[in-house]
Amino acid sequence: MDVGRHPNIEIFANSEVVGVEGEAPDLKVTVKRKSTFVDWDKCTGCGECPTVCPVQVKDEFQLDLSKREAVYRQYPQAVPNKFLIDKKGSPPCRYACPAEVNAQGYIALILQGKYKEALELERRDNPFPSVCGRVCTHPCESDCKRKDVDEPLAIAQLKRFISDQEQELALPSPELNKEKVAIAGAGPAGLSAAYFLARRGYCPTVFEATDHPGGLLYWAIPRFRLPETALQRDLDYIKSWGVEIKTGTVLGKDFTIKDLFTQDYKAIFLGLGAAKEKSMGIEGEDLKGVVLCVEFLNKAVRDSSTPVGKRVAVVGGGNSAIDAVRTALRLGAEEAFIVYRRSRQEMPANAEEIVEAEKEGIEIHYLTNPTKIFGKDGKVTGMECIKMKLGEPDSSGRRRPIPIEGSEFTIDLDMVIMAVGQAADVSFLTKEENFELTRWGTFAVDPDTLQTNIPGIFAGGDAVTGPATIIEAIAAGKEAAESMDRFIRGVDLKENREKRDVRVKDEDIDIPEDIQTEKRTEMPLLDLEKAKKSFEEVAQGFSDDQAKKEAARCLSCGGCAECLECIKACEPNAIVHDMVDEFIDLDVGSIVVTTGIDYLNPKEASEYGYKRFRNIYTSFEIERFMSEDGPSGGDLPLNKELKEPLRFAFIQCVGSRNMRHDINYCSRICCMNTIKDSLVLKEHYPDANIVVFYIDIRAFGKGFEEFFNRSLEKGVKYIKGKPSKVFEDDQGNLIIHYEDEQGHSSQMTFDAVCLASALIPSKGSKELADLLGVEIDEDGFFKNAEPAIRPLESTKKGVLVCGCATGPKDITDSIAEASGAAVKAACFLEGHELKIEKKEIEQVDVSGPPRVGVFVCHCGPNISRVVDVKGVVEYAKTLPGVVFAEDHIFACSETSQHQIQKRIAEHKLNRVVVAACTPKTHEMSFQDSLTAVGLNPYLFDIANIRNQCSWVHQKEPVKATEKAKELVNMSVARVRELRPLFVKELPVNRDVAIIGAGITGLRCGMDLLLRGFKVKIIEKKEASGGLVRHLSSIYPSFRSGKDIIDKLIKEFTSTGGELLTSAELIDVTGYVGSFQVKVKLGGKETDFTVGAIVLATGSELYNPGERFGFGRFPNIITNMELEQKILSGDIKNVKSVAFFQCVGSRGDNGNPGCSRYCCQAAIKEAIYLRERGIDVAILNRGVRVYSKGAEQMYRKARELGVLFLPYEGEPEITGTDKAEAVTIPSPDIDADITIPVDLIVLSVGMVPAADSARLSELFKVPRGPDKFFLERHSKFGPVETTVEGVFLCGCCQFPQDIGDSISQASAVASKVAALLSHDKITLAPITSTVIEEYCRGCGRCAEVCEFRAIELIEKEKGVFVAQVNEALCKGCGTCVAACPTGAIDLKHFMSEQIEAQLEALFG
Amino acid sequence: MPKGALVIGGGVAGVQSALDLANAGFKVFLVERGPCLGGRTSQIHKIFTSMDCTG
């Protein structure tokens, strides 16, 4: 069963372990489930949400080589098959906005041309898009991250654009059914409060003192900046939500606060503004011609022919000052200018307003402050000013202006407009209510809730803050609405109010390395001369193209833009944008750590030009590029034209085995991976010239050497040597500098280069280790309790470590380790069987004529978009035997499955057809549904009308529908013929037999004993312990082999294990759960039954015969003999030793594979000798050290002066009585080298044990071409065989080193334990069945059956018929095809069932 | 003694450990940092030496 559906496995994806307490077996773990923003209980994985998502972010699954939507699943087959949303935090624009307006969201929608949706999104946070798009101070733009690239986005102008696109006002259909609320003041704060309350269903009434709503927006902002129509649009929209506005109603005069409460208003908001204007308080302000700014603007709004002076000075630097000076110009002033006491930098007015004013010819006198106004006849005639300089920053952060003494001067003028500020004055209200005020005369409110000292009365906007911006007023209204809602509902006002979205971290913002600079789009302006004379709007607004061009500059800083389009697209309503992280506490007995690896970024190896030059990839990137679903569709993304066949280089060991990068180890998989990639490239580019630059080719695993040879045969060239650097010429060629084998520096030219970068510990390993309380090794991987001997245990009891968490390794080794870790983890868990209570269910009677129910699935829009689902349902109803048909939006959903169960009962259905997706996905869950209501699960069929109709015939809906009908027709025809099938159960014997008592068999036996099983080990020899017993020491711990073995045997026998030595295995019969084993022991035969068998028969060492001078001279010995000499201290009078590697390995004398152990063993032995002053030369064919600690040992050997010399073939050995010298050719110096020797050690390979052929026959376990036992799957089933119940581990499968053998031994224990944990073994009922009268006993079926499930039995003398052993049959159907007489059929796929389908199709 | 084990990491090794434990009748909590299982293996195009795809 797969992991996603296993009833015992609970998956926490998108989760992290954040807390661990206690000791095994009482561990308390806290898991943080990071929010996915999609409710996974509801998500069906239909794939609609990304089709509407406007945001593109880096796709980390594609190694950031391409982009994906912010709502995503990693790949279509993901488990769990659920979507999630990528949110990095609040984007800077939104974070900077007081009202948290979602600018990134509407910008993303603009890019898609979804203007209506963009406006709708804007209005969720701000009812004034038309206003703010024109006159907002746009703090969003100040923090826009695009400014780091070139200039900030024109966010406000984009906002204006979407509001301008609205042809007809969107009309909401509000349901105002909640309480009445009152708002005083129809400025931006008051109207916002009213609007947000109306959106929540309250009935707001706004009381406005003047005769027009809008506050200063209407009364003080000149029309050339904010046309009346633009304001009106927002006002109309607010009103359309049901907000009632009563103008000309003055608080304190026409009504009182008390009145409001008695009129049943449940909460009150005071948005009274700051209407009181300030002046400077200098001499002459009372002269005629000196006016206050807002008053002036107000007059101009009412009457565009309001008289104005000829020379007009405006004092101040805010937007109002600019508005006033530009208004004065339009009213006819000959000269209008600004006097401002600080510099341009400190000026609070919007920059674009200043620029526009300057364009209109307005002069700004900076660092100038009026001191006195002169007049004549009571009318202003001039103004005395003083020059200023800037001092230290004041409380506003701006530099304080200081008058320069004696710099006074006079300006002639006839009008002065004071634009120096406003103030709130709400003191008049205190007569009625006892409001608490600040010393500035504003309301004192709670800063979080905006509640005044009187409960239920809230205040915001300028009346609280003093004069501030429009967007701040809107924010206050929004905040107050939240408070008033809470107040009315009686909910705590303050709880969670401090919440502000977290701003995205700068480092998480993705600015592409190759980003093109693009200036901000300029706003088209009204013709200058025309503008200066009229009140027509100056800014003309963006065109469609301009808006999209500008929107395209957005960096999508926050990831998901929260545009909410996915909510609309999601039929099951699974999107939850405000989801929060969840913390779950778990009690567990043990922990298995399998955190994997990361890749070194080859930018660290800068000499190879990664990311600096084009067409340089990492090996991991090659994986994605060559994948059909990858970023370049299954090919290299070469950005150059090839004039000749592709020239491609691989550089090995980038980072690995390299002290410079602190990576002391071999990454173990890169050689094989490169060989594989070279073959993949050869498939795509058969003529390609492929060169691999390597140090050693480490092809040490099963079948690896043969794989390496295959690439050589395909013409891949291997050059030993490490390139020093790569550079790019002006034609885009990549030139690799390297040293050839003769030591000459050379160079070669390529079109593309792949860097095999090192595997490094997974990010966060250290933090996790600290959390778990376990140690990390010097390379940063999880440390083993004892290397090689306890490879799966961490430094803490009950915490197991495996796979790449402990160091790089391939899938095969990782899988074996993972199983091994599981069996060790199980030892800390209670019991070994979860009792699942089975309810007796009444079975549906299926004996009558077929009553078929057909359920046709829409798969969201996946099927129904193309196929006429209702049409298919109607068609199905006409088919013979169909008594019921209906459609389902998602047939696989829990609700639908219940519905199907209900229909089975209602309509007495005895057959079910579901027309939906592939049976691979949901067949089992439908079958489970049938079983649950007592209908035999084999009376069911799926018609795959999604993959086979709506997906492949997207453009032909009519034909796709026809095909869907045909498929349903065929399914119905088949299901009518189906018969109920029942699973068979076999009893299980829980004992285990292990063949072979080497370290592997013993370890496996020990693990099984610890899990509570009875174990017998059958060893043919007198002594147990295999080869390890004879080792002087094992690296890297240097413990003696005998010690290790003796300890293990003692442990095994004292725990109750039976060790049968000198035992001869005579026969094995039976099948999984019940094997009968016959053994001859001490001359007597004994029988016993076991449920499972483990082959741990090891291998033998190659016998060199007379090769390599063996037997000719007494001082030529094998490495195993050297071990004995080391043990007995018998190395005397030896000054010089030569090792010959690969004797009987890697094609030498017919043995194809690498023997995997010998390089590391020879180095260990060489160090021993060298440390005793003996000269050592290791003649090798590439040094293959890959195990933990082995690379370090290799380095130590070289440091000690061990010589490593390459050689091929048999070296020349000279001597008289004994070998005295060895001569080998040396390509380095183009001459022969002669080494004097006292001892020659042959590192002999491992070969299959002599009796492996007999055992293969006995157990029906096949052997591979190398004659080692064959595993079920080279990667995913390394310790299983094709015979159920028979497992293998250690060197009988292929040469291993001790650590790998031990991991495999534990892995087998895990598999055996899982198998024998159950009382019974269930057999799938789909098996072959023989019709005896047709069988003529030819035996072809038995020949083709790879599971050996068929045998011929003699029915009567000389008459043979085939018989199927159902315990062994896998239901593959091969025998059916082989049978010449049609005597074998496969249940559930019987001839009449298939014929019925064909009949239905062809009539 | 608790009945469940925790497996940290949902790559091939984690999934294999989880399946072995679960098939032996134990409860397993499988915690994966990323949004789905499969780890590095799911990103690999073809695996040596069988040249199978990883899907």
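Helices (H or I, at least four residues) and strands (E, at least two) are taken here as DSSP runs, numbered from the N terminus. The model is a predicted one, so a few ground rules apply: local features need pLDDT of at least 70, side-chain atom pairs count only at pLDDT 80 or more, and totals for chains, interfaces and linings use all residues. Residues are numbered from 1 along each chain as its sequence is written, while chains are lettered from A and ligands numbered from 1 in the order in which they are written.

Chain A comes with 40 helices and 64 strands, and its C-alpha trace spans about 140 × 90 × 65 Å along the principal axes. Of its 1403 residues, 49% are buried; that label calls for 20 or more other C-beta atoms within 10 Å of a residue's own, against 12 or fewer for exposed and anything in between for partly exposed, with C-beta atoms placed from the backbone. Two residues are in contact when their C-beta atoms, again placed from the backbone, lie within 7 Å. Taking the contacts in chain A between residues at least 6 apart in sequence, 71% join residues at least 24 apart.

Two isoleucines give a closer look at chain A. A:Ile1167 sits in helix H34 (residues 1158–1170) and counts as buried because 20 other C-beta atoms lie within 10 Å. Setting aside neighbours within four places in sequence, A:Ile1167 touches A:Met1193, A:Lys1196, A:Ala1197 and A:Leu1200. A:Ile616 belongs to strand S27 (residues 616–618) and is buried too, because 22 other C-beta atoms lie within 10 Å. Beyond the neighbours within four places in sequence, the contacts of A:Ile616 include A:Tyr608, A:Val726 and A:Leu755. A:Val1137 is 521 residues from A:Ile616 along the chain, and their C-alpha atoms are separated by 44 Å.

Next comes the meeting of the two chains. The contact draws 73 residues from chain A and 50 from chain B. On the chain B side, strand S1 (4–8), helix H1 (12–23), strand S2 (27–31) and strand S3 (46–47) each supply at least two residues, with H1(B) giving the largest share, 12 residues. Sorted by class, the side of chain B that touches chain A holds 25 nonpolar, 18 polar and seven charged residues. In this sorting, Ala, Val, Leu, Ile, Met, Phe, Trp, Tyr, Cys and Pro are nonpolar, Asp, Glu, Lys and Arg are charged, and the others, Gly among them, are polar.

Strands pair if DSSP finds at least two bridges between them, and strand S1 (residues 9–12) of chain A is joined to S2(B) by four bridges, running parallel. Within that pair, A:Phe12 stands opposite B:Val31, and A:Glu10 has B:Phe29 as its bridge partner. The open sheet has five strands in the order S1(A)-S2(B)-S1(B)-S25(A)-S36(A), with parallel pairing. S1 and strand S36 (799–801) of chain A are at the edges with a single partner strand each, so one side of each has no neighbour in the sheet. On average, neighbouring strands are turned by 20° against each other, direction ignored. Helix H24 (residues 811–826) of chain A packs on the sheet, touching strand S25 (590–593) and S36 of chain A together with S1 of chain B. The direction of H24 makes about 165° with that of S25(A); axes are lines fitted to C-alpha atoms, for helices over the stretch in contact, and angles run from 0 to 180 degrees between N-to-C directions.
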